[in-house]
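Subject: Structure handover

Hello,

I am handing this structure over to you. Please open it next to this email and follow along. My notes come after it.

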Amino acid sequence: MRYRMAAWAIVGFVVAGCWALYAFARPVPITDADRMVWTLAGLTQPIVLAGFYFHFGLHFYWVLAANAATYALLGLIMETLRQRMHSINNSNWT
């Protein structure tokens, strides 16, 4: 389970890194992007939505770390549910 949690955290880090590269490559701020792009960025990086809502700025490295932690927490929840569902399914067959 540790490796799966680490994989979730790495995915979160990579997602935030890709958004950072996209934001740095844009000539205008990402907040001026299309509504669909901004929504997708907010859904894949919850800390960005929190920062925008509460009006505090974050450096990109904090977004990377927070997104990795958020994805690791999401991975913990998903792996716990997966294990419980697996044990429920196996107990029904015996």
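His 55 sits in the loop that runs between helix 3 and helix 4. Please keep in mind that this is a predicted model. The phi angle of His 55 is near 60 degrees. That is a positive value, and the residue is not a glycine. Is His 55 buried or exposed? The relative accessibility of His 55 is 72%, so His 55 counts as exposed.

**The nonpolar patch**

Now to the surface. Eight names to select here: Phe 24, Tyr 53, Phe 54, Phe 56, Leu 58, Phe 60, Tyr 61 and Trp 62. They form a nonpolar patch on the surface. Together they have about 980 Å² of accessible area.

Which helix gives the most to the nonpolar patch? Helix 4 does, with 3 residues. Helix 4 covers residues 60-92.

Tyr 53 is one of the patch residues. Tyr 53 belongs to helix 3, which spans residues 46-53. The relative accessible area of Tyr 53 is 62%. Exposed means over 50%, so Tyr 53 is exposed.

**Helix 1 against helix 2**

Helix 1 covers residues 2-25, and helix 2 covers residues 35-44. Their axes come within 10 Å. The crossing angle is roughly 150 degrees. Angles over 145 degrees count as roughly antiparallel, so helix 1 is roughly antiparallel to helix 2. The crossing of helix 1 and helix 2 is left-handed.

**Salt bridges**

How many salt bridges are there? The count comes to 2.

One joins the side chains of Arg 4 and Glu 79, at 3.2 Å from N to O. Arg 4 is in helix 1 and Glu 79 is in helix 4, so this pair ties together parts that are 75 residues apart in sequence.

The other salt bridge pairs Arg 82 with Glu 79. Here the closest N and O atoms are 2.9 Å apart. Both Arg 82 and Glu 79 are in helix 4. They are 3 residues apart, about one turn of the helix. Salt bridges with shared partners join Arg 4, Glu 79 and Arg 82 into one network.

Why can such pairs form? Side chains of opposite charge can pair when their charged atoms come close.

What about accessibility in this network? Glu 79 has a relative accessible area of 7%. Buried means under 20%, so Glu 79 is buried. Arg 4 is partly exposed, with a relative accessible area of 40%. Arg 82 also counts as partly exposed, at 38% relative accessibility.

Ala 7 is in helix 1. The relative accessible area of Ala 7 is 38%, so Ala 7 is partly exposed. Ala 7 and Ala 68 are 61 residues apart in sequence. In space they are 9.7 Å apart, C-alpha to C-alpha.

Trp 8 is in helix 1 as well. Trp 8 is partly exposed, with a relative accessible area of 26%. Trp 8 and Ile 88 are 80 residues apart in sequence. How many Å apart are Trp 8 and Ile 88 in space? The C-alpha to C-alpha figure is 24 Å.

That is the handover.

Best wishes

Key:
Residues numbered from 1 in each chain as written. Predicted model: local features only at pLDDT ≥ 70, side-chain atom pairs only at ≥ 80, totals over all residues. Heavy atoms only, no water. Patch = residues over 30% accessible without salt bridge, like charges linked within 9 Å, V, L, I, M, F, W, Y side chains within 5 Å. Areas by Shrake-Rupley, 256 points an atom, 1.4 Å probe, with all protein chains shown as cover. Salt bridge = Lys/Arg side-chain N within 4 Å of Asp/Glu carboxyl O. Helix = DSSP H or I, 4+ residues; strand = E, 2+ residues; numbered from the N terminus. Buried < 20%, exposed > 50% of the residue type's maximum accessible area, 1.4 Å probe, protein only. Axes fitted to C-alpha atoms, helices over the stretch in contact; angles between N-to-C directions. Parallel < 35°, antiparallel > 145°, perpendicular 65-115°, else oblique. Left-handed = near helix turned anticlockwise from the far one by under 90°.
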